[in-house]
Structure formats: structure tokens, C-alpha cells
Amino acid sequence: MSHGHSHGSGCGHEALGIDNELEMGLAYSLYEKIDFPNVECLNEEVENSGKSVFKAYNERLNYDKFVSSDADEELLFNIPFSGNIKLKGIIIIGADDDSHPRKMRLFKNRPKMTFDAVDSTADQEFSLQKDTSGSIEYPTKVVTFASVHHLSIHLPSNYGNDSTTVYYIGLKGEFSEAHHHGVTICTYEARPNVSDHKGNLFDSVNHRVQ
């Protein structure tokens with residue numbers, strides 16, 4: 001009888017775990033809005049391996065996909081999105097050793113960042129604890145990251161290893177489609193017909209063009 005009771009309790013906990021997994025999976029679904037062909041990871045040891053750490057929450061413990069730094073411990077991710085996001089939280093999973101990143105710096109809307117630019121003030125910085133399961137969430141300043149079309153993540157240091165290893169980066173937040181105002185502007189700019197004014201052209205301040 002005792003065994004049966006214990007087994008029943010275990011099933012209950014498993015069910016709660018599944019519910020929580022689904023909820024977290026929905027919350028951390030911004031990876032679906034990443035413009036993957038244009039994602040960059042600077043100082044990655046294996047080309048294009050940096051992209052592989054952005055994956056579904058339920059794939060976060062897939063240790064077959066990871067990125068390791070090459071020349072030193074620094075990594076820099078450039079992450080464009082297919083619209084605008086409101087970033088609310090980040091999870092980062094590293095190795096259970098000194099290659100786990102120790103610090104994370106976030107920059108918003110600075111496409112094609114390089115290591116030459118990381119000395120500038122970050123929009124937010126975090127000291128990272130070792131996390132091998134994705135149990136630690138780092139909340140962002142939502143006002144600061146309310147309208148982000150490009151996110152740069154700089155990992156400047158680890159716990160003492162020559163290289164840094166990352167298995168998963170999860171992005172939590174909301175997504176909205178980008179608004180393309182440029183089309184309207186182009187329509188207005190295209191209205192003048194130069195051929196209608198040959199020999200009598202004026203510049204923008206109404207001086208005759210010589």
C-alpha cells in the first residue's frame with residue numbers, strides 16, 4: 001500500500017512538471033522570431049555553432065549542440081529578429097566546469113557589433129551563476145528592452161577556463177510585427193516627374209538649377 005501511495009504522488013509531480021515545461025516553453029519561444037540566416041557569433045570555435053544554442057526550451061538540455069569560444073574566453077552574439085520584441089528575461093546554460101560564462105552584457109539595436117564596440121556602456125549587465133539545467137532566469141529592464149529589433153549578447157569572461165562553452169540561450173518576452181513606414185515615404189518621394197519639368201528644374205529651396 002505504501003508503494004502505491006508513493007507511486008501516485010510521483011505521477012502527480014510529473015504532471016505538474018509537464019505543465020510547467022509547456023508554460024516555460026511558451027514563455028521562451030522568442031527563438032522562433034530570430035532571423036537565423038543573419039545571426040552572427042564572433043570568436044566561435046566552429047563556424048555557425050553559435051546559432052545552435054538558440055533552440056526550443058524543451059531542447060535546452062540537448063548537449064550535442066553548443067558553442068565554444070576560440071581565441072580566448074569571449075563570445076559575442078548578434079541576433080536580429082523578424083520584428084520587434086519586448087525582452088523580459090534570459091536563461092543561459094553552460095558547462096558544469098570553469099568554462100561556464102561568468103558575466104553577460106546586453107546591447108539593444110546595434111547591428112553588426114564587433115569586439116571593438118563592446119567597451120561602450122551596455123544596456124544591462126548580469127553576473128552569472130553556474131546553471132546547467134536552465135533553472136535561473138535573469139530578468140531584464142523591460143522599459144529598456146521594450147522595442148528591440150536586434151540584440152547583442154557579450155560574454156566577456158568565464159570562471160577561469162581558456163575558452164567559454166554555452167549550450168543554451170533562452171529569450172523570454174513578446175513579439176510584434178515590424179511596421180514598414182519606408183514604403184509610404186517612397187511613394188511621396190516618387191510623385192514628382194522630372195520629365196514634366198525639363199529645362200525648368202528647381203532645387204529644394206526654389207533656386208533655379210544651372
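This is a predicted model: local features need pLDDT of at least 70, side-chain atom pairs count only at pLDDT 80 or more; totals for chains, interfaces and linings use all residues.
Phe 66 and Tyr 167 belong, together with Tyr 63, to one aromatic cluster.

Across the whole structure, a search turns up 5 aromatic pairs. One of them joins Phe 54 and Phe 77, with ring centres 5.7 Å apart and planes at 90°, so this pair is edge-to-face. Phe 54 sits in the loop between E1 and E2, while Phe 77 belongs to strand E3 (residues 75-94), so the pair ties together parts that are 23 residues apart in sequence. Both Phe 54 and Phe 77 are buried. Then there is the pair of Phe 66 and Tyr 167: here the ring centres lie 5.6 Å apart and the planes meet at 55°, so the pair is tilted. Phe 66 is in the loop between E1 and E2 and Tyr 167 is in strand E8 (residues 165-177), so this pair ties together parts that are 101 residues apart in sequence.

Strand E8 also turns up in the strand pairing. E2 and E8 run antiparallel to each other, paired over 2 bridges, and Val 67 faces Val 166 of E8. E3 pairs with E8 as well, again in the antiparallel sense, over 11 bridges; Ile 93 stands opposite Tyr 168 in E8. As a rule, side chains in a regular strand alternate between the two faces of the sheet.

Aromatic rings take part in another kind of arrangement too, with lysines. Lys 33 lies over the face of Phe 175, 4.7 Å from the ring centre. Likewise, Lys 130 places its charged end over the ring of Tyr 159, at 5.1 Å from the centre of that ring.

Back in the loop between strand E1 (40-42) and strand E2 (67-68), there is Asn 43. With a relative accessibility of 19%, Asn 43 counts as buried, because the cut-off for that label is under 20%. The side chain of Asn 43 reaches out to the backbone nitrogen of Ala 71, at 3.0 Å. Leaving aside residues up to four places away in sequence, Asn 43 touches a run of others: Ser 68, Ser 69, Asp 70, Ala 71, Asp 72, Glu 74, Leu 75 and Phe 115.

Conventions
Residues are numbered from 1 along each chain as its sequence is written. Side-chain values use heavy atoms; hydrogens and water are left out. Helices (H or I, at least four residues) and strands (E, at least two) are DSSP runs, numbered from the N terminus. Buried means under 20% relative accessible area, exposed over 50%, partly exposed in between (1.4 Å probe, protein chains only). A polar contact is a pair of N or O atoms within 3.5 Å; within protein, one must be able to donate a hydrogen and the other to accept it, and residues adjacent in sequence count only if both atoms are side-chain atoms. Contact means heavy atoms within 4.5 Å. Rings of Phe, Tyr and Trp (its six-membered ring) pair if their centres lie within 6.5 Å; planes under 30 degrees apart count as stacked, over 60 as edge-to-face and the rest as tilted. A charge sits over a ring if NZ of Lys or CZ of Arg is within 6 Å of the ring centre and within 35 degrees of the ring normal. Two strands pair if DSSP finds at least two bridges between them.
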